Amino acid sequence: MHAKRPFPGLTFCAFYLATYLTNKYVLSVLKFTYPTLFQGWQTLIGGLLLHISWKLGWVEINSNSRAKVLAWLPSSMLFVGIIYAGSRALSRLSIPVFFTLHNASEVIVYLYQKCISKELTSPAKVWSSVFLLVAAGCLPFYDSQFDPVGYFWAAIHLFCVGSYKILHKAQKSSMLSDIDQQYLNYIFSMVLLAFASHPTGDLFRALEFPFLYFYRFHTSCCASGFLGFFLMLSSVKLKNNMAPGQHTTWIFFAKVMTAGFSVLLFDTVLDIAMVACFLLGGIGEALLVYSERTST
């Protein structure tokens with residue numbers, strides 16, 4: 001990491017921590033478990049703020065190429081799966097459990113690189129995948145708060161994340177910028193989730209939400225939308241201004257920090273076996289960071 005310029009990384013970590021803790025509060029404490037509305041709200045706010053930033057000249061958006069937009073649509077569909085399934089999973093699972101399962105998406109990427117694209121992978125990447133897979137595979141057997149529905153949605157989430165990363169790499173030669181991609185993701189997600197809110201029943205069930213008219217629900221939802229947008233911007237800035245290995249290092253640090261704070265703030269039951277699974281996942285993530293840094 002750039003010791004002389006840690007501010008972008010620290011800013012990213014702060015938004016990462018605040019975003020996940022706020023979302024966890026809304027989903028698990030207030031129990032606003034209507035993902036088409038919650039994620040639809042977040043993508044609406046993100047899309048509006050990004051559009052305003054574009055009009056003010058703060059960011060550059062060039063999504064005029066119809067061919068590139070159409071080529072990106074499968075990735076936008078996977079993005080919807082990521083945020084929808086992720087919201088479902090996070091409402092039922094603790095943040096350390098969610099991160100451990102989320103990180104297993106790297107195993108899908110590794111299998112694709114090894115079996116489909118026949119890419120050479122470093123020993124560190126191989127062992128990283130092994131540790132991540134073992135951690136995620138053993139965790140359900142030792143989770144004292146095991147929730148089968150939460151794990152089901154986490155499995156869909158990690159599959160969508162892995163597939164998204166694979167498509168992202170496959171389209172690298174004709175890829176839109178990171179801001180263009182997120183702008184399209186916001187628009188597609190906002191429209192799709194708005195239409196899905198009625199058939200899923202979320203629209204009418206939300207009317208019976210007990211905290212619907214409470215200020216803490218309103219402030220938390222507003223905060224989640226704005227924090228998600230600023231997390232995206234800080235992530236893009238970090239990715240564009242640093243080498244991949246340095247970017248991955250900051251993500252790892254943000255996850256460790258967020259998982260640690262979540263244990264203190266939310267009801268999380270831990271035992272030795274679960275901590276061992278988290279440590280295995282942490283070692284796997286650290287090896288992934290090492291492989292990224294050495295490859296660059």
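As what does Asp147 count, buried or exposed, and at what relative accessibility?

Mentor: Asp147 counts as buried, because its relative accessibility is 16%; buried means under 20% relative accessible area, exposed over 50%, and partly exposed in between, with a 1.4 Å probe and protein chains only. The model is predicted, so local features need pLDDT of at least 70 and side-chain atom pairs count only at pLDDT 80 or more, while totals for chains, interfaces and linings use all residues. Residues are numbered from 1 along each chain as its sequence is written, and side-chain values use heavy atoms, with hydrogens and water left out.

Asp147 lies in the loop between helix H6 (123-142) and H7. Helices (H or I, at least four residues) and strands (E, at least two) are DSSP runs, numbered from the N terminus. Asp147 caps the N-terminal end of H7, with a side-chain oxygen 3.0 Å from the backbone nitrogen of Val149. This is a polar contact, that is, a pair of N or O atoms within 3.5 Å; within protein, one must be able to donate a hydrogen and the other to accept it, and residues adjacent in sequence count only if both atoms are side-chain atoms.

Helix H7 comprises the 23 residues 148-170 and, at 1.5 Å a residue, should span 33 Å; its end C-alpha atoms are 33 Å apart, which agrees. The expected span is 1.5 Å times one less than the number of residues.

The side chain of Asp147 also meets that of Arg92 in a salt bridge, at 3.1 Å from N to O. This pair joins distant parts of the chain: Arg92 is in the loop between helix H3 (66-90) and helix H4 (95-103), 55 residues from Asp147. A salt bridge is a side-chain nitrogen of Lys or Arg within 4 Å of a carboxyl oxygen of Asp or Glu. Arg92 is partly exposed, because its relative accessible area is 42%.

The rings of Phe146 and Tyr151 have centres 4.9 Å apart and planes at 35°, so the pair is tilted. Rings of Phe, Tyr and Trp (its six-membered ring) pair if their centres lie within 6.5 Å; planes under 30 degrees apart count as stacked, over 60 as edge-to-face and the rest as tilted. Phe146 is partly exposed at a relative accessible area of 41%, whereas Tyr151 counts as buried at 10%.

The whole structure holds 5 salt bridges. One of them joins Asp178 to Lys239, with the closest N and O atoms 3.5 Å apart. Here Asp178 belongs to helix H8 (residues 178-196) and Lys239 to helix H10 (residues 215-241), 61 residues apart. Asp178 is buried, with a relative accessible area of 15%, and Lys239 is partly exposed at 35%. Another joins Lys255 and Glu285, whose closest N and O atoms are 3.4 Å apart.

Two lysines in loops deserve a note on the backbone. Most residues other than glycine have a negative phi. Lys31, in the loop between H1 and helix H2 (35-55), has a positive phi near 60°, and it is exposed at a relative accessible area of 54%. Lys118, in the loop between helix H5 (105-116) and H6, has a positive phi of about 55° and is exposed at 61%.
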